Amino acid sequence: MASKLLRAVVLGPPGSGKGTVCERIGRSFGLQHLSSGQFLRESLGGGGGECPRGRPVGRGSLPRAWDGDEHGAGMEVNTGVGWRWAWMGIHPHRGPALFCCGVCTGFPRTLGQAKALDGICELDLVISLNIPFETLKDRLSARWVHPASGRVYNMDFNPPHIQGIDDLTGEPLVQREDDKPEAVAARLRKYKDAAKPVIELYKSRGILHSFSGTETNKIWPYVYTLLSSKIPPILSDEEH
Ligand code: G5P
Ligand code: MG
């Protein structure tokens with residue numbers, strides 16, 4: 001069985017580039033990328049769809065999750081075997097051999113979830129992305145996703161080879177329902193309130209690393225350098 005190498009989470013408001021950065025981390029360091037938002041979308045039957053707000057997600061595939069549950073009672077991480085498997089990277093039929101290290105986005109989202117996560121494992125590293133809110137709104141309105149894989153494009157930043165088509169499968173891209181301007185504003189407000197105590201908690205533990213800026217390409221080399229000090233890379237920072 002592989003020993004634990006690194007367990008990290010990436011925090012940041014909607015559109016801050018968590019998915020983009022984690023995809024690079026996954027490829028550069030061979031880490032499993034786990035996205036709670038993607039799990040929730042998949043469990044609702046589509047990667048481009050809206051995620052549940054105040055609505056339980058079926059047990060079995062994932063623990064129940066509610067937005068804004070400050071006490072974390074909604075995110076039943078302690079009893080939710082689906083989430084536990086997801087976080088540990090342990091597939092019930094494959095065993096814990098392969099994925100004992102990983103990076104997670106979208107979770108924990110509240111102080112309650114952070115405390116619940118403490119009951120499952122100890123984090124080695126927390127990366128926080130600080131991006132101006134105006135930049136986030138522009139990015140999200142130009143985002144297109146491939147629902148089945150969760151692959152993310154942006155019409156300005158990383159457009160697909162053919163407009164509206166996934167590069168790898170040739171399948172159509174969609175816009176997420178929650179990327180509409182009114183939904184984005186609400187998500188940003190909610191994030192601000194919920195994230196503050198989570199960030200403070202990890203800061204107090206000395207494992208928080210914050211990165212500010214408006215461009216992922218400028219932030220990425222710093223993230224790469226940080227991770228390289230913890231785990232050997234398998235690709236150079238320019239090969240992502
Ligand atoms: P998600 O899916 O976790 P959010 O809201 O946390 O959603 P989101 O929107 O997926 O985060 P991101 O992953 O931070 O954003 O950003 P991204 O997709 O990488 O980048 C955004 C866009 O900008 C992309 O088009 C990308 O190509 C582009 N981009 C990146 N860098 C640059 C750049 O430098 N320049 C430019 N121009 N573009 C760039 O969760 C969704 C919902 O699920 C629920 C919640 O309702 C949540 O709102 N949920 C949970 N609920 C309860 N508990 C949990 N733990 C939950 N997790 C999720
Ligand atoms: Mg994302």
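Residues 24 or more positions apart account for 68% of the contacts in the protein chain with a separation of 6 or more. A contact here means heavy atoms within 4.5 Å. This is a predicted model, in which local features need pLDDT of at least 70 and side-chain atom pairs count only at pLDDT 80 or more, while totals for chains, interfaces and linings use all residues. Residues are numbered from 1 along each chain as its sequence is written, chains are lettered from A and ligands numbered from 1 in the order in which they are written, and side-chain values use heavy atoms, with hydrogens and water left out.

## Overall make-up

The protein chain has 240 residues, and 46% of them count as buried. Buried means under 20% relative accessible area, exposed means over 50%, and partly exposed lies in between, with a 1.4 Å probe and protein chains only. The chain exposes about 11,900 Å². Carbon and sulfur atoms supply 54% of that area. Accessible areas come from the Shrake-Rupley method with a 1.4 Å probe; for residues, only the protein chains shown count as cover.

Seven helices and seven strands make up the secondary structure. Helices (H or I, at least four residues) and strands (E, at least two) are DSSP runs, numbered from the N terminus. Their order from the N terminus is β-α-β-α-α-β-α-β-α-β-β-α-β-α.

## Strand β1

Strand β1 spans residues 7-11, and five of its five residues are buried. In a regular strand the side chains alternate between the two faces of the sheet. Both faces of β1 are covered. Arg 7, Val 9 and Leu 11 lie on one side, Ala 8 and Val 10 on the other.

The partner of β1 here is strand β4, residues 125-130. The two run parallel and share four bridges. Two strands pair if DSSP finds at least two bridges between them. Opposite Val 10 stands Ile 127 in β4.

## The aromatic cluster

The structure holds two aromatic pairs. Rings of Phe, Tyr and Trp (its six-membered ring) pair if their centres lie within 6.5 Å; planes under 30 degrees apart count as stacked, over 60 as edge-to-face and the rest as tilted. The Phe 29 and Tyr 224 rings have centres 5.2 Å apart and planes at 45°, so this pair is tilted. The pair links distant parts of the chain. Phe 29 belongs to helix α1 (residues 18-29) and Tyr 224 to helix α7 (residues 216-228), 195 residues apart. Phe 29 and Tyr 224 are both buried.

Trp 220 and Tyr 224 form an edge-to-face pair, 5.8 Å centre to centre with 65° between the planes. Both residues sit in helix α7, four residues apart, about one turn of the helix. Trp 220 is buried, as is Tyr 224. Phe 29, Trp 220 and Tyr 224 form one aromatic cluster.

## Salt bridges

There are 10 salt bridges in the structure. Each is a side-chain nitrogen of Lys or Arg within 4 Å of a carboxyl oxygen of Asp or Glu. Side chains of opposite charge can pair when their charged atoms come close. The table includes some of these bridges.

| Residues | N to O distance | Burial |
|---|---|---|
| Arg 176 and Asp 178 | 3.0 Å | Both buried |
| Arg 187 and Asp 178 | 3.8 Å | Both buried |

Salt bridges that share partners join Arg 143, Arg 176, Asp 178, Asp 179 and Arg 187 into one network.

Arg 27 and Glu 23 both lie in helix α1, four residues apart, about one turn of the helix.

## Asp 179 and the annotated lid

Asp 179 lies in the loop between β6 (151-154) and α6 (181-204). Its relative accessible area is 5%, so Asp 179 is buried. Leaving out residues up to four places away in sequence, Asp 179 touches Leu 140, Ser 141, Arg 143, Val 184 and Arg 187.

UniProt, in an unreviewed entry, lists residues 143-178 as "domain: Adenylate kinase active site lid". UniProt positions are given in the numbering used here, feature names are shortened, and annotations may be inferred rather than shown by experiment. Over residues 143-178 the chain is 0% helix and 22% strand. The end C-alpha atoms of this stretch are 11 Å apart.
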